[in-house]
Amino acid sequence: MQKVMFVSSTGGHLNELLKLKDLFKKYDYSIVTEGVKNNKHLKKEYKNVSFLLYGTKDHMATYPFILLCNAFICLFIYLRRRPNYIVTTGAHVGGLMALIGKLFGSKVIYIETFANIHTKTITGKLVYKFADLFIVQWKDMLKLYPNATLGGWIF
């Protein structure tokens, strides 16, 4: 059975990722997201859930440290699970895991967020360069990402 790691930051990115839960039963899956209070219930609902440190670019004083810590945590989680595929909806933790996965030979599937209709996300700009499959949810986004696949709405 193929191993698939589903990765996203918390909030809207995680809500989008969890819309794919019907796929979970088809694979040996794991979920990686940020360990905030609202996400603790995931351990009861799903198997193989791992948490990263929470931090956004809005917390510039601590963000570089959190990003570095998360890079090491991602590497540990990745090496423990060794997924064939990484599916991510972003943001920063999704980009980290996508990069690590790509370096170690996993296929990377990136789904650009539903929230952006006319602008690229920071993570999308980075992952677009190496993703094996880059999916957008809006037709207008194909102008920004010409090699993307229009997947339609997750919602």
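**Entry 1, ground rules.** I number residues from 1 along each chain as its sequence is written, and I leave hydrogens and water out, using heavy atoms for side-chain values. As the model is predicted, local features need pLDDT of at least 70 and side-chain atom pairs count only at pLDDT 80 or more, while totals for chains, interfaces and linings use all residues.

I looked up pockets on a 1 Å grid over the protein atoms alone; a pocket is an open set of points where a 1.4 Å probe fits, with protein on both sides within 12 Å along at least five of seven lines, and lining residues have an atom within 4 Å of a point. A volume is the space filled by probe spheres set on the points, which are joined across faces, edges and corners. The largest pocket comes to about 570 Å³. It is lined by 25 residues, and Tyr63, Ala91, His92, Ile122 and Thr123 are the closest to its centre. Helix H4 (63-81), helix H5 (92-103) and helix H6 (122-127) are the elements that give two or more residues to this lining. Helices (H or I, at least four residues) and strands (E, at least two) are DSSP runs, numbered from the N terminus. I sorted the lining of the largest pocket into 11 nonpolar, 10 polar and 4 charged residues. Here Ala, Val, Leu, Ile, Met, Phe, Trp, Tyr, Cys and Pro count as nonpolar, Asp, Glu, Lys and Arg as charged, and the others, Gly among them, as polar.

Of its 15 lining residues, Leu20, Leu23, Val87, Ile109 and Ile111 are the closest to the centre. At least two lining residues come from each of strand E1 (3-8), strand E4 (85-90) and strand E5 (107-111). The lining of the second largest pocket has 12 nonpolar residues, 3 polar and no charged.

I paired rings of Phe, Tyr and Trp (its six-membered ring) if their centres lie within 6.5 Å; planes under 30 degrees apart count as stacked, over 60 as edge-to-face and the rest as tilted. The count is 11 aromatic pairs. Phenylalanine 24 and tyrosine 29 are stacked, at 4.7 Å centre to centre with 20° between the planes. Phenylalanine 24 has 3% relative accessibility, so it counts as buried; tyrosine 29 is buried too, at 9%. Buried means under 20% relative accessible area, exposed over 50%, and partly exposed in between (1.4 Å probe, protein chains only). Tyrosine 110 and phenylalanine 134 are also stacked, with 5.1 Å between centres and 25° between planes.

Tyrosine 85 sits in strand E4. Its relative accessible area is 31%, so it is partly exposed. Leaving aside neighbours within four places in sequence, I found it in contact (heavy atoms within 4.5 Å) with Gln2, Lys3, Val4, Met5, Lys107 and Ile109. From tyrosine 85 to isoleucine 109 is 24 residues in sequence and 7.3 Å in space, C-alpha to C-alpha.

Is asparagine 39 buried or exposed? Asparagine 39 is buried, because its relative accessibility is 4%. It lies in the loop between strand E2 (28-34) and helix H3 (42-45).
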